[in-house]
Amino acid sequence: MNVTLHTPRFILRPAQLGDAEPIARYLNDFEVAGNLARVPFPYHLSDAKAWLRTQRPSLPVEETNFAIELPDEGLAGHVGFHRGAQGPIVGYWLGRPFWGRGLMTEAVTASLDWFFETTQADAIYSGVFHFNAASLAIQLKLGFTQTGRSTLLCLARGAEVEHIDTKLTHSVWKAREK
């Protein structure tokens, strides 16, 4: 879907080929890539360009990704959705220069508002590698609950890593508005 969302501090917009250089720069940081399942390390400009070629406006809601674009700073990260075995999954990353500013909570909130308004999904799934306390804190703040633990391949680490599985129901998301 070709959707742009506005938050108080930035926009969430479709990724575009011009984003390749900052994506490659931020994902070629093991502190970022090592927290993600599907991102190799090292991460090259060619990897970013290949991924961007998969991003088309015709993708369904469950496969929509948003670039996080800050005024006067440019691309800072991504938040997006993909299909999983249990249902839709939300994932996200932020370049290290942007950590600690509350940007990801704002980006995930806006994308989940859009997701639940646009779909009939009863729930959305996510999770974190066991050592990613900052990302888990975001999810818990937004109403996700821990549903268990599993192992998940982390391409950057080249290993199966313990993963804390999380879930957010539409009813919990809707209730937080009150």
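A residue counts as buried when its relative accessible area is under 20%, and as exposed when that area is over 50%. The model described here is predicted.

**Two residues compared with the cut-offs**

S111 has 0% relative accessibility and is therefore buried. The table places both residues.

| Residue | Helix | Relative accessibility |
|---|---|---|
| S111 | α4 (residues 103-118) | 0% |

Leaving aside residues up to four places away in sequence, S111 touches L5, L12, F66, V79 and F81. The S111 side chain also reaches the backbone oxygen of V108, at 3.0 Å. For E21, a distance can be given to A37: the two are 16 residues apart in sequence, and their C-alpha atoms are 21 Å apart in space.

**Helix α5**

Helix α5 spans residues 133-141, and its buried residues are S135, L136, I138 and Q139. These residues lie on the same side of α5, because they cover an arc of only 155° around the axis. An α-helix has 3.6 residues a turn, so residues three or four places apart point the same way. On the other side of α5, the exposed residues are A133, A134 and K141.

The cover over the buried residues of α5 includes helix α4 along with β5 (88-94), β6 (123-129), β7 (145-154) and β8 (159-169). Helix α4 is also where S111 lies. After α5 comes G143, which has a positive phi near 105°.

Definitions and conventions: Residues numbered from 1 in each chain as written. Predicted model: local features only at pLDDT ≥ 70, side-chain atom pairs only at ≥ 80, totals over all residues. Heavy atoms only, no water. Helix = DSSP H or I, 4+ residues; strand = E, 2+ residues; numbered from the N terminus. Buried < 20%, exposed > 50% of the residue type's maximum accessible area, 1.4 Å probe, protein only. Polar contact = N/O pair within 3.5 Å; in protein donor to acceptor, adjacent residues only side chain to side chain. Contact = heavy atoms within 4.5 Å. Arc of directions from axis to C-beta.
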